[in-house]
Amino acid sequence: MRFVKRAWTNSLSVKVILAYIAGVVLSVLIIVLVIKGLLALRSPILVEEDVNQNAEGLGEHMVFDASGTPVGFDDEHAWVFETMKEEVAYRVLDSSGRVVLQSSAGDAFWPPSSGQPGAPKPGRIDFTRAGVPFQGATAVLERGGRQWYFQMANSARLAELIRLEFALPFMGIGIGLFSAVLLFVFGVCAFITMRHVQKPLQELSAAAAAISPRSLHARLQSERAPTEIAPLVESFNRVLERVEHGYRVQQEFLATAAHELKTPLALIRAQIELTPAGAERDALLRDIEHMTRQVQQLLLLAEASEAHNYSFAPVDVPDVAREAIDYLDRMVRAAQVRITLASESGPVSWHADRGALFTLLKNLLENAAQHAPAGTAIVIDVDATTLSVRDFGPGVTPEQLPKLFARFWRGAHRRDHGAGLGLAICQEIAQAHGWTLTARHGDPGLRLLVSTVP
């Protein structure tokens, strides 16, 4: 099977991860632009809301005595008003508008108009002192059933300094950390999710790759496949059904045609043998023998291609080899070659179908005998995992080596006019057993190797 090398950009995982990263970057960019726009606008509504919240927040840190009268801020916040008294100040008024407590900035910090009698109104305070704009707010504090009015104000330049020098950098750091955490956490989640999604797809791919002419009955399981992939799996299974049906019809036709030809060929041979001897009669008999051999090879090929024709059991390989040698004795003597079984140390047992192993060995030996020069030997070597048949003939060229197991391909140096199916049958038998059949140069000759180890 030849696989097409595809660009990494075609990967579904890569596309999902890239889409996720683009989404995170775009989201963070939108957040930054919105915050930057709001800070740049600094609309009066937003500024007023900030000032009111600051006043209410600071008012919560006011300290009261046992009678419920405010006496100052806690230590955590008091230092602000002492160290920056020119920029920020506070004061507390009672319900009559009288100042009962204020920061060290004193009355000079506040505008004269703000000291008018009566309770001040909660809300925004804006004034200018020495050309510097100030902004503040009044918040209502309740303690022991009494109401106090807390006023806090700071200069606009202090607020801008805090915003530019402190708020924005910390906000940038916060956005950066948020982006990093978002990218990492969701990146890991996306990776794990894709691994989880890909696992059934990889299992389906492995199951599809394992389907061969000997396992066309197998079907892909769609239970664990993603919902979007399930229709594709079901379509693939329907294609397998049609392929299996076509393959079975082809194999049945091959076997039936070969079987039906055997009887007419036998009758024709008998009729020719009854004719007077002569050169024409001998030529006809050779043609009939050639056709009979082709039909027999077609039958063997059809049988070897069907897994249900095999019956597996422990088999003594050297014993089968000796049986094949005896069977081919007449052909080997006619070719003036000899067959040697190199491994005579003892029995070697393989789990195999004895008849199929005999056919495999017979075909390998026949092929070697058709190419071996007269007076040379064909060597069989057997061990626990391998079986090899080697001849010392002309061998094949590197270009011809991949064609050896192709159906109907014949070498140029063979003596007979066979159908070119012998090694194809051997390959089918080896695959049915889970073995590998390979050809190697013998220098000289050719070595055909059967290995039980994948």
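Tutor: Start with Glu87 and Arg157, whose side chains meet in a salt bridge at 2.7 Å, N to O. A salt bridge here is a side-chain nitrogen of Lys or Arg within 4 Å of a carboxyl oxygen of Asp or Glu. Before we go on, this is a predicted model: local features need pLDDT of at least 70, side-chain atom pairs count only at pLDDT 80 or more, and totals for chains, interfaces and linings use all residues. Residues are numbered from 1 along each chain as its sequence is written, and side-chain values use heavy atoms, with hydrogens and water left out.

Student: OK. What does the pair of Glu87 and Arg157 tie together?

Tutor: Parts that are 70 residues apart in sequence, because Glu87 lies in the loop between helix 3 (75–83) and strand 3 (88–93), while Arg157 is in helix 4 (residues 156–209). Helices (H or I, at least four residues) and strands (E, at least two) are DSSP runs, numbered from the N terminus.

Student: Is Glu87 buried or exposed?

Tutor: Glu87 is buried, with a relative accessible area of 17%. Arg157 is partly exposed, at 48%. Buried means under 20% relative accessible area, exposed over 50%, and partly exposed in between (1.4 Å probe, protein chains only).

Student: How many salt bridges are there in the whole structure?

Tutor: The search finds 8. One of them joins Arg354 and Asp319, at 2.8 Å, N to O. That pair links helix 9 with helix 7 (residues 317–327), and its residues are 35 apart. Asp319, Glu323 and Arg354 are linked in a network of salt bridges.

Student: Switching to strands. Which strands pair with strand 7?

Tutor: Strand 3 pairs with strand 7 in the antiparallel sense, over 6 bridges. Strand 6 (residues 132–143) also runs antiparallel to strand 7, joined by 10 bridges. Two strands pair if DSSP finds at least two bridges between them.

Student: Which residue in strand 7 is the bridge partner of Val92?

Tutor: Phe150. For Glu142, the partner in strand 7 is Gln147.

Student: And the hairpin of strand 6 and strand 7, how many residues are between the strands?

Tutor: There are 2 residues between them, and Gly144 takes a positive phi near 60° in that hairpin.

Student: Why is strand 7 largely enclosed by the rest of the structure?

Tutor: Because 8 of the 10 residues of strand 7 (residues 146–155) are buried.

Student: What about aromatic pairs?

Tutor: The whole structure has 12. Phe109 and Phe127 form an edge-to-face pair, 6.2 Å centre to centre with 85° between the planes. Rings of Phe, Tyr and Trp (its six-membered ring) pair if their centres lie within 6.5 Å; planes under 30 degrees apart count as stacked, over 60 as edge-to-face and the rest as tilted. Phe109 counts as buried at 2% relative accessibility, and Phe127 is buried too, at 9%. Elsewhere, Phe73, Phe81, Tyr90 and Phe150 form one aromatic cluster.

Student: Last topic. How many residues are in the largest nonpolar core?

Tutor: It has 46, and Leu364, Ile378 and Val450 are among those with the most contacts inside it. Helix 9 (residues 354–371) gives the most to this core, with 9 residues. A second, separate core of 14 residues includes Leu58, Met62, Phe81 and Met152. A nonpolar core is a set of buried Ala, Val, Leu, Ile, Met, Phe, Trp, Tyr and Cys residues joined through side-chain atoms within 4.5 Å.
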